[in-house]
Amino acid sequence: MMDWERFYRRADYDRCAYIGGEQMADLVERFFEWRGVPDDFASVGCGPAVVPFLLAERYPDTEVFGFDLSETVVQDNAEKAEEQGLDNLRFAVDSLPNLDTDEKFDVVYCVATLYFVEEPKRAIESLYARVREGGHLVLNYPNETSREQFDREFDGRKRESFELVLSGANLINEDVVRDVTGAETRNYWELVDAEEEAFVDSARPCVVVEK
Ligand SMILES: C[S@@+](CC[C@H](N)C(=O)[O-])C[C@H]1O[C@@H](n2cnc3c(N)ncnc32)[C@H](O)[C@@H]1O
(Lines give C-alpha, C1' and ligand atoms only; values in the text may rest on other atoms or scores of the structure.)
Protein backbone atom coordinates (compact mmCIF):
# COMPACT_ATOMS: atom_id res chain seq x y z
CA MET A 1 0.00 0.00 0.00
CA MET A 2 1.14 3.58 -0.64
CA ASP A 3 3.32 4.85 2.23
CA TRP A 4 2.65 8.58 2.06
CA GLU A 5 4.85 9.55 5.01
CA ARG A 6 7.81 7.84 3.34
CA PHE A 7 6.91 9.52 0.07
CA TYR A 8 6.91 13.03 1.60
CA ARG A 9 10.04 12.33 3.67
CA ARG A 10 12.01 12.02 0.45
CA ALA A 11 13.34 15.47 -0.38
CA ASP A 12 11.88 17.43 -3.28
CA TYR A 13 8.46 15.89 -3.66
CA ASP A 14 6.39 17.87 -6.07
CA ARG A 15 4.18 20.51 -4.38
CA CYS A 16 1.38 19.78 -6.82
CA ALA A 17 -2.37 19.34 -6.69
CA TYR A 18 -2.89 15.73 -7.62
CA ILE A 19 -6.06 16.35 -9.59
CA GLY A 20 -6.58 19.38 -11.79
CA GLY A 21 -3.65 21.55 -10.60
CA GLU A 22 -4.21 25.15 -9.51
CA GLN A 23 -7.42 25.24 -11.50
CA MET A 24 -9.00 23.28 -8.65
CA ALA A 25 -8.94 26.47 -6.56
CA ASP A 26 -10.81 28.32 -9.34
CA LEU A 27 -13.42 25.58 -9.27
CA VAL A 28 -13.76 25.95 -5.49
CA GLU A 29 -14.32 29.68 -6.10
CA ARG A 30 -17.21 28.78 -8.39
CA PHE A 31 -18.51 26.47 -5.69
CA PHE A 32 -18.36 29.38 -3.23
CA GLU A 33 -20.29 31.55 -5.71
CA TRP A 34 -22.99 28.89 -5.61
CA ARG A 35 -23.09 28.27 -1.83
CA GLY A 36 -21.64 31.48 -0.41
CA VAL A 37 -18.13 32.06 0.95
CA PRO A 38 -17.67 29.83 4.02
CA ASP A 39 -16.38 30.98 7.39
CA ASP A 40 -14.15 27.94 7.39
CA PHE A 41 -12.92 25.34 4.92
CA ALA A 42 -11.11 22.06 5.70
CA SER A 43 -9.22 19.96 3.19
CA VAL A 44 -8.79 16.39 4.44
CA GLY A 45 -5.90 14.50 2.84
CA CYS A 46 -4.58 17.92 1.82
CA GLY A 47 -1.09 16.78 0.72
CA PRO A 48 0.97 19.83 -0.35
CA ALA A 49 -2.22 21.87 -0.04
CA VAL A 50 -2.23 23.77 -3.33
CA VAL A 51 -5.95 24.54 -2.97
CA PRO A 52 -5.81 25.56 0.73
CA PHE A 53 -2.88 27.96 0.05
CA LEU A 54 -4.67 29.64 -2.87
CA LEU A 55 -7.97 29.87 -0.97
CA ALA A 56 -6.29 31.31 2.13
CA GLU A 57 -4.75 34.05 -0.05
CA ARG A 58 -7.94 34.78 -1.94
CA TYR A 59 -10.29 34.67 1.08
CA PRO A 60 -8.49 36.28 4.04
CA ASP A 61 -11.69 36.18 6.12
CA THR A 62 -12.08 32.42 5.72
CA GLU A 63 -10.24 30.11 8.14
CA VAL A 64 -8.60 27.43 6.02
CA PHE A 65 -7.41 24.10 7.47
CA GLY A 66 -5.47 21.22 6.00
CA PHE A 67 -5.33 17.74 7.52
CA ASP A 68 -3.14 14.90 6.38
CA LEU A 69 -1.79 11.68 7.85
CA SER A 70 1.77 12.65 6.94
CA GLU A 71 3.60 14.64 9.63
CA THR A 72 6.20 15.71 7.09
CA VAL A 73 3.78 17.31 4.66
CA VAL A 74 1.83 18.93 7.52
CA GLN A 75 5.04 20.45 8.92
CA ASP A 76 6.25 21.60 5.49
CA ASN A 77 2.87 23.23 4.84
CA ALA A 78 2.82 24.93 8.25
CA GLU A 79 6.32 26.39 7.67
CA LYS A 80 5.34 27.63 4.22
CA ALA A 81 2.14 29.23 5.58
CA GLU A 82 4.16 31.04 8.22
CA GLU A 83 6.74 32.22 5.66
CA GLN A 84 3.90 33.60 3.55
CA GLY A 85 2.25 35.28 6.53
CA LEU A 86 -1.01 33.43 6.00
CA ASP A 87 -2.57 33.69 9.48
CA ASN A 88 -5.83 32.13 8.31
CA LEU A 89 -4.17 28.87 7.19
CA ARG A 90 -3.45 26.02 9.62
CA PHE A 91 -2.42 22.41 9.36
CA ALA A 92 -2.67 19.34 11.59
CA VAL A 93 -1.96 15.64 11.41
CA ASP A 94 -5.19 13.69 11.27
CA SER A 95 -6.30 10.63 9.38
CA LEU A 96 -9.25 8.81 7.95
CA PRO A 97 -11.28 6.73 8.48
CA ASN A 98 -11.68 8.25 11.99
CA LEU A 99 -10.72 11.88 12.23
CA ASP A 100 -9.60 13.01 15.69
CA THR A 101 -10.55 16.63 15.28
CA ASP A 102 -13.91 17.50 16.80
CA GLU A 103 -14.13 20.87 15.06
CA LYS A 104 -16.84 21.54 12.53
CA PHE A 105 -16.49 23.40 9.25
CA ASP A 106 -18.77 25.03 6.68
CA VAL A 107 -17.02 23.11 3.92
CA VAL A 108 -15.16 19.81 4.21
CA TYR A 109 -13.27 19.00 1.02
CA CYS A 110 -11.83 15.55 0.38
CA VAL A 111 -10.37 15.14 -3.09
CA ALA A 112 -7.91 12.53 -4.40
CA THR A 113 -7.75 10.89 -0.98
CA LEU A 114 -10.39 8.17 -0.52
CA TYR A 115 -8.53 6.13 -3.15
CA PHE A 116 -6.00 5.37 -0.41
CA VAL A 117 -8.37 4.75 2.51
CA GLU A 118 -9.38 1.25 3.53
CA GLU A 119 -12.76 1.87 5.11
CA PRO A 120 -14.55 4.38 2.88
CA LYS A 121 -17.93 4.16 4.67
CA ARG A 122 -16.44 4.99 8.05
CA ALA A 123 -14.39 7.71 6.41
CA ILE A 124 -17.50 9.32 4.90
CA GLU A 125 -19.28 9.15 8.28
CA SER A 126 -16.33 10.85 9.91
CA LEU A 127 -16.02 13.53 7.20
CA TYR A 128 -19.75 14.29 7.26
CA ALA A 129 -19.73 14.50 11.06
CA ARG A 130 -17.22 17.35 10.70
CA VAL A 131 -19.61 19.39 8.50
CA ARG A 132 -21.57 22.10 10.29
CA GLU A 133 -25.39 22.19 9.86
CA GLY A 134 -26.10 23.97 6.57
CA GLY A 135 -22.56 23.22 5.37
CA HIS A 136 -21.26 20.99 2.57
CA LEU A 137 -19.04 17.99 2.03
CA VAL A 138 -17.21 17.79 -1.30
CA LEU A 139 -16.21 14.19 -1.81
CA ASN A 140 -14.24 12.50 -4.58
CA TYR A 141 -14.18 8.70 -4.35
CA PRO A 142 -13.33 5.60 -6.38
CA ASN A 143 -16.08 3.51 -7.96
CA GLU A 144 -16.15 0.50 -10.27
CA THR A 145 -15.56 2.74 -13.31
CA SER A 146 -12.41 4.13 -11.65
CA ARG A 147 -11.19 0.57 -11.10
CA GLU A 148 -11.74 -0.37 -14.75
CA GLN A 149 -10.07 2.82 -15.97
CA PHE A 150 -7.05 2.52 -13.65
CA ASP A 151 -6.70 -1.13 -14.61
CA ARG A 152 -6.45 -0.13 -18.29
CA GLU A 153 -4.22 2.92 -17.80
CA PHE A 154 -1.92 2.45 -14.80
CA ASP A 155 1.22 0.38 -14.62
CA GLY A 156 4.29 -0.20 -12.41
CA ARG A 157 4.51 1.90 -9.22
CA LYS A 158 1.23 3.63 -9.95
CA ARG A 159 -0.58 0.28 -9.90
CA GLU A 160 0.92 -0.45 -6.47
CA SER A 161 -0.21 2.93 -5.13
CA PHE A 162 -3.76 2.29 -6.25
CA GLU A 163 -3.84 -1.29 -4.98
CA LEU A 164 -7.00 -0.75 -2.88
CA VAL A 165 -8.89 0.53 -5.90
CA LEU A 166 -7.51 -2.08 -8.32
CA SER A 167 -8.36 -4.95 -5.94
CA GLY A 168 -11.86 -3.51 -5.52
CA ALA A 169 -11.35 -3.28 -1.73
CA ASN A 170 -12.52 0.31 -1.27
CA LEU A 171 -14.92 0.98 -4.12
CA ILE A 172 -18.20 2.70 -3.35
CA ASN A 173 -20.95 4.39 -5.33
CA GLU A 174 -23.34 7.30 -4.97
CA ASP A 175 -25.97 5.16 -3.19
CA VAL A 176 -23.41 4.39 -0.49
CA VAL A 177 -22.72 8.11 -0.01
CA ARG A 178 -26.47 8.76 0.28
CA ASP A 179 -26.98 5.84 2.71
CA VAL A 180 -24.12 6.87 4.95
CA THR A 181 -25.01 10.57 5.05
CA GLY A 182 -28.79 10.23 4.78
CA ALA A 183 -28.67 13.17 2.35
CA GLU A 184 -28.94 13.80 -1.38
CA THR A 185 -25.86 14.13 -3.57
CA ARG A 186 -25.09 16.49 -6.45
CA ASN A 187 -22.42 16.20 -9.09
CA TYR A 188 -19.64 18.65 -8.08
CA TRP A 189 -18.09 18.84 -11.58
CA GLU A 190 -21.45 19.77 -13.06
CA LEU A 191 -22.09 22.32 -10.32
CA VAL A 192 -18.79 24.10 -10.99
CA ASP A 193 -19.14 23.71 -14.75
CA ALA A 194 -16.05 21.53 -15.13
CA GLU A 195 -17.59 18.49 -16.82
CA GLU A 196 -15.62 19.14 -20.02
CA GLU A 197 -12.20 19.47 -18.33
CA ALA A 198 -9.83 16.70 -19.42
CA PHE A 199 -8.69 15.87 -15.87
CA VAL A 200 -12.25 15.19 -14.74
CA ASP A 201 -12.28 11.94 -16.68
CA SER A 202 -9.94 10.24 -14.23
CA ALA A 203 -11.40 12.03 -11.20
CA ARG A 204 -15.00 10.94 -11.34
CA PRO A 205 -17.03 10.82 -9.31
CA CYS A 206 -17.02 13.91 -7.10
CA VAL A 207 -20.17 14.83 -5.23
CA VAL A 208 -21.48 17.58 -2.97
CA VAL A 209 -23.54 16.59 0.05
CA GLU A 210 -25.37 19.27 2.01
CA LYS A 211 -25.95 18.91 5.74
C1 LIG B 1 -3.01 12.04 -3.98
S2 LIG B 1 -2.74 13.02 -2.57
C3 LIG B 1 -3.97 14.30 -2.76
C4 LIG B 1 -3.61 15.58 -2.08
C5 LIG B 1 -4.62 16.71 -2.28
N6 LIG B 1 -5.93 16.36 -1.75
C7 LIG B 1 -4.73 17.07 -3.73
O8 LIG B 1 -5.79 16.85 -4.34
O9 LIG B 1 -3.74 17.57 -4.27
C10 LIG B 1 -3.45 12.03 -1.29
C11 LIG B 1 -3.17 12.58 0.09
O12 LIG B 1 -3.98 11.87 1.01
C13 LIG B 1 -3.22 11.61 2.17
N14 LIG B 1 -3.82 10.43 2.80
C15 LIG B 1 -3.74 9.15 2.40
N16 LIG B 1 -4.43 8.35 3.22
C17 LIG B 1 -4.96 9.16 4.18
C18 LIG B 1 -5.76 8.94 5.33
N19 LIG B 1 -6.15 7.71 5.66
N20 LIG B 1 -6.12 10.00 6.09
C21 LIG B 1 -5.69 11.25 5.77
N22 LIG B 1 -4.93 11.54 4.70
C23 LIG B 1 -4.56 10.49 3.91
C24 LIG B 1 -1.81 11.39 1.68
O25 LIG B 1 -0.84 11.60 2.68
C26 LIG B 1 -1.75 12.40 0.54
O27 LIG B 1 -1.23 13.63 0.97
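This is a predicted model: local features need pLDDT of at least 70, side-chain atom pairs count only at pLDDT 80 or more; totals for chains, interfaces and linings use all residues.
Residues are numbered from 1 along each chain as its sequence is written, and side-chain values use heavy atoms, with hydrogens and water left out.

Helices (H or I, at least four residues) and strands (E, at least two) are DSSP runs, numbered from the N terminus. The axes of α5 and α9 come within 9 Å and cross at roughly 50°, the axes being lines fitted to C-alpha atoms, for helices over the stretch in contact, and the angles running from 0 to 180 degrees between N-to-C directions. The pair is therefore oblique, since angles under 35 degrees count as roughly parallel, over 145 as roughly antiparallel, 65 to 115 as roughly perpendicular and the rest as oblique. On the α5 side the contact is made by Lys121, Ile124, Glu125 and Tyr128, and on the α9 side by Val176, Val177, Val180 and Thr181; contact here means heavy atoms within 4.5 Å. These residues divide into five nonpolar, one polar and two charged, with Ala, Val, Leu, Ile, Met, Phe, Trp, Tyr, Cys and Pro counted as nonpolar, Asp, Glu, Lys and Arg as charged, and the others, Gly among them, as polar.

Another helix pair is formed by α2 (residues 23-35) and α3 (residues 50-58), which pack at an angle of about 50° with their axes 9 Å apart, and which are therefore oblique to each other. From α2, Met24, Ala25, Asp26, Val28, Glu29 and Phe32 meet Val51, Leu54, Leu55 and Arg58 of α3, and the residues of this contact divide into seven nonpolar, no polar and three charged. Val51, found in helix α3, counts as buried because its relative accessibility is 6%. Apart from its neighbours within four places in sequence, Val51 is in contact with Met24, Ala25, Val28, Phe41 and Tyr109.

Several of these names return in the largest nonpolar core, which has 33 residues and in which Met24, Phe41, Tyr109, Tyr188 and Trp189 have the most contacts; such a core is a set of buried Ala, Val, Leu, Ile, Met, Phe, Trp, Tyr and Cys residues joined through side-chain atoms within 4.5 Å. Its largest share, five residues, comes from α2. Met24 itself, leaving aside neighbours within four places in sequence, touches Ile19, Val51, Tyr109, Val111, Trp189 and Phe199. A second, separate core of 25 residues includes Phe67, Ile124, Leu127 and Tyr128.

Burial is also found in a loop, for Asn170 lies between α8 (163-166) and α9 (174-181) and counts as buried at 0% relative accessibility. Not counting residues up to four places away in sequence, Asn170 touches Leu114, Tyr115, Phe116, Val117, Glu118, Pro120, Pro142, Leu164 and Val165.

Technical notes
Buried means under 20% relative accessible area, exposed over 50%, partly exposed in between (1.4 Å probe, protein chains only).
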